[in-house]
Structures are given as C-alpha cells and as structure tokens.
Amino acid sequence: MGMFDTIKLAEPLVCPACGHEESTLQTHHFGETLDTYRVGMIVPDCSVLTGILLETSWCSACHNADMEAAPQLYVVIWHSILVAVEWKREEAERKLAAVDRLDLIEWVDQMQREASTWRRNYHALRSDLARWREYQDEQKRSAAGQAPPTNSPLRKLFMPDDAIRHAADPLAAILERHPPDDEPEGF
Ligand SMILES: [Zn+2]
C-alpha cells in the first residue's frame with residue numbers, strides 16, 4: 001500500500017465484499033504525507049489545484065478481497081480545498097461547480113470552533129497537571145518541614161480538586177477527566 005493520506009468521511013462506506021463500515025478513505029493523491037483531511041480543509045500537496053480525482057476505497061477488514069467490486073469514489077478539490085467525496089461523477093461535478101462564499105464561511109467557522117475546543121482542552125489538561133505537580137511539591141516540602149501546610153481557602157482554589165487529590169491514582173483520574181474526543185490524527 002505504501003504511503004498514503006486519510007480522508008475522514010461524513011458517511012461511512014460499506015465494503016461490498018465483506019460489509020465492513022469504513023469511516024475513512026485512503027488516498028495517494030494528497031502527497032502521501034500520512035496526514036488526515038476532512039471536507040473544508042486545504043490539501044497543500046494535492047496533485048491538482050482544482051478538479052475531480054478518482055479513488056478506490058480500501059477496506060481495512062478484508063483488504064479488498066473482491067477487488068473488482070471495490071467502491072470507486074470521486075474526490076472533489078477546489079482551489080486546493082477538499083470539497084466533497086462522492087459516489088457519482090455527476091454529483092462530484094455539481095459540487096465542484098457549486099462551491100460559493102457561504103461554503104467557505106462555514107468551513108472557516110468549523111475550523112475556528114475546532115481550534116478553540118482544542119485550545120480549551122489543552123489548557124484544562126495542562127492546568128490539572130500543573131496543579132497536581134505543584135500540590136505534590138508542596139506536600140514534599142511540608143513533609144520535610146520546609147513549608148507550613150497550606151490550608152487557606154484562597155490557596156485551595158489553586159490546588160487540585162478533591163476528586164484528583166483523593167484518587168487512588170491521581171494521574172489516571174486526570175487522564176480519565178480529559179478523554180480524547182477523537183482518535184489522534186497524524187501522530
Ligand atoms: Zn471489506
């Protein structure tokens with residue numbers, strides 16, 4: 001199979017050979033950089049700037065046992081943006097001709113919201129880790145008699161909360177509180 005890139009599909013593909021539902025499509029047209037793309041994203045290394053690319057769906061379950069029946073899909077690219085993945089060529093052509101400003105605004109809006117969610121998640125995770133580390137340091141200093149125990153209400157605001165402090169495994173509790181919302185992409 002070699003190197004490829006992955007397109008996340010809005011609707012899963014059903015493999016005609018084994019019935020497995022595939023939520024992604026692998027492609028060799030995007031520069032083979034092992035990146036993941038969704039509709040609305042810019043594909044910097046795509047083999048065309050604007051056009052329709054034919055791609056064969058690869059099944060991760062049966063590895064295309066029935067190669068003859070492997071679904072063919074049309075990947076629509078408009079000014080380097082992944083616009084759609086379609087079953088029918090006519091629909092792909094229609095989507096290519098119909099891209100307008102409202103689509104662009106919707107995609108920018110979507111990316112902006114996702115970036116903001118990731119920033120928020122990152123800072124929440126970092127804050128829980130930083131507080132836990134600070135709390136441990138404080139406990140050590142206090143046990144060594146180097147610092148008085150800190151019980152002030154203000155100080156408590158900056159300490160890990162009870163659920164983490166009293167957990168049998170505080171790091172596991174922190175990880176559980178910050179689950180991945182999706183499979184990690186590209187790493
Ligand atoms: Zn299959």
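Predicted model: local features only at pLDDT ≥ 70, side-chain atom pairs only at ≥ 80, totals over all residues.
**The whole chain**

Display the complete protein chain. It contains five helices and six strands, and from the N terminus on its elements run β-β-β-β-β-β-α-α-α-α-α. The radius of gyration is 24 Å, whereas the globule rule gives 16 Å for 187 residues, so the chain is more spread out than a compact globule. Along the principal axes, the C-alpha atoms fill a box of roughly 75 × 40 × 25 Å. Buried residues account for 13% of the 187 residues. Among contacts with a separation of 6 or more, 58% join residues 24 or more positions apart.

Next, colour the chain by domain. The assignment gives domain 1 as 5–99 and domain 2 as 107–177. The centres of the two domains, taken over C-alpha atoms, are separated by 41 Å.

**The three-stranded sheet**

Select β1, β2 and β3. These strands form an open sheet in the order β2-β1-β3, with mixed pairing. The edge strands, each of which pairs on one side only, are β2 (21–27) and β3 (36–37). Strand β1, residues 5–14, runs antiparallel to β2 and is joined to it by six bridges. To see where the two strands meet, select Lys-8, whose bridge partner in β2 is Thr-24.

Follow the chain around the turn of this hairpin, where six residues lie between β1 and β2. Gly-19, in the turn, has a positive phi of about 80°. Cys-18 is also found in the loop between β1 and β2. Is Cys-18 buried or exposed, or does it fall in between? It is partly exposed, because 13 other C-beta atoms lie within 10 Å. Show the residues around Cys-18: leaving aside neighbours within four places in sequence, it is in contact with Cys-59, Ala-61, Cys-62 and Ala-65. For a sense of scale, draw a line from Cys-18 to Asp-161; these residues are 143 residues apart along the chain, and their C-alpha atoms are separated by 49 Å.

Most residues other than glycine have a negative phi. Two residues of this chain deserve a stop for that reason.

Select Glu-32, in the loop between β2 and β3. Its phi is positive, near 50°, in a residue other than glycine. Glu-32 counts as partly exposed because it has 14 C-beta neighbours inside 10 Å.

Then select His-63, in the loop between β4 (51–56) and β5. This residue is not a glycine, yet it has a positive phi of about 55°. His-63 has 12 C-beta neighbours inside 10 Å and therefore counts as exposed.

Nonpolar side chains tend to be buried together in soluble globular proteins. In this chain the largest nonpolar core has 18 residues, and those with the most contacts inside it are Val-43, Val-75, Val-76, Ile-77, Leu-82, Val-83 and Val-85. Strands β5 (72–78) and β6 (81–86) each supply at least two residues of this core. Which strand gives the largest share? That strand is β5, with six residues.

Centre the view on Val-76. Beyond residues up to four places away in sequence, it touches Ile-52, Val-83, Ala-84, Glu-86, Ala-92, Lys-95 and Leu-96.

**The helix α2**

Now select residues 101–143, which form helix α2. After α2 comes Gly-145, with a positive phi near 75°.

**The last helix**

Finish at helix α5, residues 170–177, and select Pro-170 within it. With 17 other C-beta atoms within 10 Å, Pro-170 is partly exposed. Apart from residues up to four places away in sequence, Pro-170 touches Trp-132, Ile-164 and Arg-165.

Methods: Residues numbered from 1 in each chain as written. Core = buried A, V, L, I, M, F, W, Y, C linked by C-beta atoms within 7 Å. Buried ≥ 20, exposed ≤ 12 C-beta atoms within 10 Å, placed from the backbone. Helix = DSSP H or I, 4+ residues; strand = E, 2+ residues; numbered from the N terminus. Contact = placed C-beta atoms within 7 Å. Pairing = 2+ DSSP bridges. Domains from an automatic or database assignment. Expected span 1.5 Å × (residues − 1). Rg over C-alpha atoms; globule rule 2.2 N^0.38 Å.
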